[in-house]
Amino acid sequence: MKAAAFDLAPAASLSEAVNALAGDGAKVMAGGCSLGPMLNLRLARPSTLVDLRRIGELRTLQRNDTHLLIGAAWTHAEIEDGVVPDVTAGLMPRVAHGIAYRAVRNRGTVGGSLAHADPAADWVSTLTALDARLVIRGPAGTREAALPDFFLAAYTTSLADDEIITAVRIPVLSGSARTGYHKICRKTGEFAQAIGAVVVDAERGFARVVCGAIEAPPILLVGAAKALLAGDRVGALSRAKEDLDAALKDHDAAFRALHAVAVERALDEAAV
Ligand SMILES: Cc1cc2nc3c(=O)[nH]c(=O)nc-3n(C[C@H](O)[C@H](O)[C@H](O)COP(=O)(O)OP(=O)(O)OC[C@H]3O[C@@H](n4cnc5c(N)ncnc54)[C@H](O)[C@@H]3O)c2cc1C
């Protein structure tokens, strides 16, 4: 099948893109990796496609002592290759490397991935574990959103039809921070069947343990994170198992086991 007819509106600036979204049925396109197939299957039928790829403001890179702000249009490949500086102790380049294959990574953007909000997408869990925040621009101005508040359900976010993710604000991890990421998938580079993501930054008093790819937004395993911060690795593991059993009680045993293993391996990795 081919896409239904639409007008193409390449935007040269963010305000031009926001104005173009005011029209009925307009939608933005970044890398087109997810939107392209949805257009062809006619699951999306925008009247106008607003192309974000020429907007320099979406390629911001700003760093201060506590945060790195990266524009939404940086691609997975640019994160993988270190064109985007890393402040996450190697976690983001490693995760980027495991997304799909190079052709997809060359086009797919971090902003597109978060806006699409596929629960199995790697950035959804990773950036939640890192406590990243989104900068979002709409007709009324700019707002920020923490990721756990941004994801409402599978493929559903708090983004209004006329809003654009402009950047992601990523906390700078301290030198002693530890991270772990484990993605279970049938073949290397495929979408995840289960994800465990762990960040422990004792110097900043921050720890987060996340279970992802659960057909819903990622779960924060708060008890496990507290135990980790207290240096109790065994406690972190048992709290993670208890919390996962409760959170995934409506899923079958295989699904629960897969997710428990992903989280356990991410915890092991963060502990090394
Ligand atoms: C074969 C294949 C395998 C893949 N495997 C993986 C994988 O293993 N792991 C993984 O995480 N991902 C995977 N992906 C997804 C891919 O990595 C992209 O991140 C994802 O498709 C969306 O990014 P995009 O820039 O292409 O967005 P687009 O396809 O252009 O847009 C996706 C959605 O986001 C909206 N959007 C885009 N940018 C913005 C913005 N700045 N503000 C607001 N809304 C916006 C669009 O309107 C659209 O609704 C795979 C994709 C393909 C095609």
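This is a predicted model: local features need pLDDT of at least 70, side-chain atom pairs count only at pLDDT 80 or more; totals for chains, interfaces and linings use all residues.

User: Why are strand 4 and strand 5 called paired?

Analyst: Strands are DSSP runs of E with at least two residues, and helices are runs of H or I with at least four, numbered from the N terminus. Two strands pair if DSSP finds at least two bridges between them. Strand 4 (residues 61-63) and strand 5 (residues 67-71) have 3 bridges and run antiparallel, so they pair. Gln 62 stands opposite Leu 69. A hairpin of 3 residues joins strand 4 to strand 5.

User: What makes strand 10 a partner of strand 5 and of strand 6?

Analyst: The bridge counts. Strand 10 (residues 164-171) pairs with strand 5 over 5 bridges, in the antiparallel sense. Here Leu 68 has Ile 170 as its bridge partner. Strand 6 (residues 133-138) is also joined to strand 10 by 5 bridges, again antiparallel. Arg 137 stands opposite Ile 164 there.

User: How do you know which residues surround the ligand?

Analyst: By distance: a residue is near a molecule if its C-beta atom, placed from the backbone, lies within 6 Å of it. 32 residues surround the ligand, and Gly 31 and Cys 33 are among the closest. Helix 6 (110-116) gives the most, with 5 residues. Strand 2 (26-29) and strand 10 are among the elements that supply at least two residues each.

User: What is the make-up of that shell?

Analyst: The shell has 17 nonpolar, 11 polar and 4 charged residues. Nonpolar covers Ala, Val, Leu, Ile, Met, Phe, Trp, Tyr, Cys and Pro; charged covers Asp, Glu, Lys and Arg; the others, Gly among them, are polar.

User: How do you know that domain 2 touches domain 3?

Analyst: Domain bounds come from an automatic or database domain assignment. It gives domain 1 (7-51), domain 2 (56-171) and domain 3 (178-271). The contact takes 23 residues from domain 2 and 21 residues from domain 3. Contact means C-beta atoms, placed from the backbone, within 7 Å. On the domain 2 side, helix 7 gives the most, with 6 residues.

Terms used
Residues are numbered from 1 along each chain as its sequence is written. Two residues are in contact if their C-beta atoms, placed from the backbone, lie within 7 Å.
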